[in-house]
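Me: I am new to this structure and would be grateful for a close look at a single part, the sheet, together with the elements around that part. Please set out the arrangement step by step.

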Amino acid sequence: MLKGIVTDVFFDLDHTLWDFERNSALTFKKILNGFGLKIDLERFLQAYAPINQEYWRLYREEKVSQAELRYQRLRKTFDAIDIRVEHSTINMLSQAYIEHLSSFNHVFPGTIDILEYLKPNYKLHIITNGFQEIQQKKLKNANIDTYFVHIINSEMAGVKKPNPHIFQLALQLANVKPGNALMIGDNLEADILGAQSAGFHTLHFNPEGHPAHGFCKMILSLNEIKTVL
């Protein structure tokens, strides 16, 4: 139990509160149809998901740029399903994806309930590696922006999670000591180990039921946060 210890709760956004996979699938359905690409959406998404995860890992490790991430995750997906798409079309699709992604705003079950539960007693914040240009739109369009005091992103910090500097910046902006801060996120490396390196308490949101580990408590639903705070 962290009641009486934690004063500030920091959330990851994508895959933790904002249902990235669901919203991304709806975005691809819209833009692929809009560009007249007759592609089986399920086949596309099955190829895209692991490729996207790998490119985000490379992006976190500063091995690819933002532009390379946005282009190559699509290029590699089309190659994987053996669909020929012109370079110029991929660039347009990449831009369209960013433009339309925040227009779909499904959040994980229990998101509003847990934010309502926490807000009277804790200051709430976001720490995200997502692109600044769309993260604020996601929060606003999903009607959850008003719950958070500070939105810390990797472009603002100049580094990405799990780099401890982004967590140290978050502590500084929130004016809170690490021993009074809790980070909740879905990614073991970026959210949990990164936050722990800066002294945060951590809680691993794991709705997909990945194997247990000994780094911190793991929860399968956001509602379980009530057992901790």
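Reply: Strands E1 and E2 are paired through 4 bridges, in the parallel sense. One of the residues involved is Phe 10, whose bridge partner in E2 is His 125. The model in view is a predicted one.

This pair belongs to an open sheet of 6 strands, which follow the order E3-E2-E1-E4-E5-E6 with parallel pairing. Strands of a sheet pair through backbone hydrogen bonds, either parallel or antiparallel. At the edges stand E3 (150–153) and E6 (217–219); each has a single partner strand, so one side of each is left without a neighbour in the sheet. From one strand to the next, the twist averages 25 degrees.

Helix H9, residues 188–197, lies across E4 (181–185) and E5 (201–205), and runs at about 165 degrees to E5. Helix H5, residues 111–118, has Thr 111, Ile 114, Leu 115 and Leu 118 as buried residues. Viewed down the axis of H5, its buried residues fall within an arc of 100 degrees, so they line one face of the helix. The cover over the buried residues of H5 includes strands E1 (8–11) and E2 (123–128), the two strands that pair over 4 bridges.

Ser 102 counts as buried because its relative accessibility is 4%, and the cut-off for buried is under 20%. Apart from its neighbours within four places in sequence, Ser 102 is in contact with Ile 134, Lys 137, Lys 138 and Asn 141.

Notes:
Residues are numbered from 1 along each chain as its sequence is written. This is a predicted model: local features need pLDDT of at least 70, side-chain atom pairs count only at pLDDT 80 or more; totals for chains, interfaces and linings use all residues. Side-chain values use heavy atoms; hydrogens and water are left out. Buried means under 20% relative accessible area, exposed over 50%, partly exposed in between (1.4 Å probe, protein chains only). The arc is that of the directions from the helix axis to the C-beta atoms. Contact means heavy atoms within 4.5 Å. Two strands pair if DSSP finds at least two bridges between them. Axes are lines fitted to C-alpha atoms, for helices over the stretch in contact, and angles run from 0 to 180 degrees between N-to-C directions.
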